[in-house]
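Trainee: May we go through this structure together? I would like to learn how to read it step by step.

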Amino acid sequence: MHTPTHWQRLVGSVLPTDRRRRTIGSMALLALVLMAGSAGVMLMLADAGMTAHKEAVQWWAAISVGGLVVMTVMIFSGWSERLPDPSLTIVQMSWTITSGAVAYVLAGDARGVVPSVLAMILFFGTFGLSLAQVIGIGSYALFAFVVAVAAAARFNAASYTVVDTAYALMVLLVLAGSIALNLRIQSIRQRLGLQREALAQALAENRELAMRDELTGLLNRRAMLDLMLLEQRRSLRSGRPLLLALLDIDHFKPINDQHGHSTGDRALQAFTAAVRGSVRDTDVLARWGGEEFVLMLCDTRVDDGLELLDRVRGAVAQLQVLHVSETVRFTVSAGLAQHMPGETIEHTLDRADQALYTAKALGRNRVAVAPSPRPMGAATAHLRP
Ligand SMILES: Nc1nc2c(ncn2[C@@H]2O[C@H](COP(=O)(O)OP(=O)(O)OP(=O)(O)O)[C@@H](O)[C@H]2O)c(=O)[nH]1
């Protein structure tokens, strides 16, 4: 078993237990650490006399870090959950951009540190924002720094040199580059999202196709076997009877031979529709192969199953499939078996098949019931004309 390290235990005890909140909480913590680091650098520069206004830098550091501390507490306490964006990404980014712009004015000769922090801030929200939000926050950053560059030029007009112009250009370049890259990442994310959706849909369609017979749309043999095994367990637990019937269209080969394969196909489709129209939604019909079908009747007694199969037989006998000017008609024979506790599904199907054989042998267009399995294997089928 995985034993958490001391560090993981420590982080686990601080972060919220809810997974989503833990994720946004850890992002907020990261933003706070970055801001605290930047504030530390600014204070260090102020101490070294590199910035123009030492006291103002101290106030700036306290307010910038303090604001993020408040937001982090709002996230960790769960308070932000009542807001439209509980991660507070936009608020945090606006706060840090504003504080970066102020730092640019206050940093004096040290304003060269600002562009890298700015780039970090802008990439911070890349994965949590929509395209419109990226454009919005990018425009705000552009506005804030244009104001900051103008303010820095005005307040330090006396000592303004070409280096300050270079810093200003650098800030604007970093901004433009970050926004362009962010937009690119957004479009890649969007494309990936669409691809993921298409893939999930294709997978679902594939799964469906693998389970279904193409001609009739019914469950195929493999899918039906899985379903029967599931119902077998249910029936065993609940004690409710489970019936399996094998249905086989009578003299189907002549239909194909005389009227063509496509008429045969239409006959199979008409047969499917007729059977489905005669049974309950909970009864499951599957194509077992060729012109043979399996019908599973859950929670149904043999007498009721027989009555239902008789109804199916009648509905199929009424079918008319048109071929040129002729009408093709056909009938169906069925073998019914009740699944008995202790026997396998394959064995129940074998008994249904024997009953079907009996129905065919006795003239077709009829339903036969398989007798309960006997230890000696003696089997005689009860018949319904
Ligand atoms: N059109 C069409 N025919 C199929 C399909 N699958 C199986 N068949 C045909 O079904 C016929 C089955 O014929 P047989 O097994 O001899 O049985 P039958 O003629 O129905 O005779 P009985 O079952 O004894 O009444 C064959 O001609 C197969 O080619 C299918 O998907 N489409």
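This is a predicted model: local features need pLDDT of at least 70, side-chain atom pairs count only at pLDDT 80 or more; totals for chains, interfaces and linings use all residues.

**Reading the model**

Mentor: Let us begin with Gly40, which counts as exposed because 12 other C-beta atoms lie within 10 Å. Residues are numbered from 1 along each chain as its sequence is written.

Trainee: Which helix holds Gly40?

Mentor: Gly40 lies in α2, which covers residues 19-47. Helices (H or I, at least four residues) and strands (E, at least two) are DSSP runs, numbered from the N terminus.

Trainee: How far is Gly40 from Gln58 in space?

Mentor: Their C-alpha atoms are 9.7 Å apart, while 18 residues separate the two in sequence.

Trainee: Which residues does UniProt list as "transmembrane region"?

Mentor: The unreviewed UniProt entry lists residues 27-45, 57-76, 139-160 and 166-185. UniProt positions are given in the numbering used here, feature names are shortened, and annotations may be inferred rather than shown by experiment.

Trainee: Helix or strand: what are residues 27-45 in the model?

Mentor: That span is 100% helix and 0% strand, with its end C-alpha atoms 27 Å apart. Residues 57-76 are likewise 100% helix and 0% strand, and there the end C-alpha atoms lie 28 Å apart.

Trainee: Changing topic, how many residues surround the ligand?

Mentor: The ligand is surrounded by 16 residues, and the closest are Asp250, Phe252, Lys253, Gly264 and Gly290. A residue is near a molecule if its C-beta atom, placed from the backbone, lies within 6 Å of it. Two or more residues of this shell come from each of β1 (242-249), α9 (252-259) and α10 (261-278).

Trainee: Which element gives the most?

Mentor: That is α10, with four residues. By kind, the shell divides into four nonpolar, five polar and seven charged residues. Ala, Val, Leu, Ile, Met, Phe, Trp, Tyr, Cys and Pro count as nonpolar, Asp, Glu, Lys and Arg as charged, and the others, Gly among them, as polar.

Trainee: Where is His251 found?

Mentor: His251 is in the loop between β1 and α9. Its phi is near 45°, a positive value in a residue other than glycine. His251 counts as exposed, because it has 11 C-beta neighbours inside 10 Å.

Trainee: And what is the phi of Asp299?

Mentor: It is near 50°, again a positive value in a residue other than glycine. Asp299 sits in the loop between β3 (292-298) and α11 (302-317). With 16 C-beta neighbours inside 10 Å, Asp299 is therefore partly exposed.

Trainee: How many residues are in the largest nonpolar core?

Mentor: It has 45 residues, and Ala245, Ala334, Leu336 and Ala352 have the most contacts inside it. A nonpolar core is a set of buried Ala, Val, Leu, Ile, Met, Phe, Trp, Tyr and Cys residues joined through C-beta atoms within 7 Å. The largest share of this core, seven residues, comes from β1. Apart from this core lies another one of 43 residues, including Ala103, Ala110, Leu118 and Tyr167.

Trainee: What does Ala245 touch?

Mentor: Leaving out residues up to four places away in sequence, Ala245 touches Leu295, Gly305, Leu309, Ala334, Gly335, Leu336 and Ala352. Two residues are in contact if their C-beta atoms, placed from the backbone, lie within 7 Å.

Trainee: Finally, what is the mean pLDDT of the chain?

Mentor: The mean is 86, and 90% of the residues reach 70 or more. The term pLDDT is the predictor's confidence in each residue, from 0 to 100. Over residues 376-380 the pLDDT is below 50, and this stretch has four contacts in the model beyond near neighbours in sequence.

How values were computed: A residue is buried if 20 or more other C-beta atoms lie within 10 Å of its own, exposed if 12 or fewer, and partly exposed in between; C-beta atoms are placed from the backbone.
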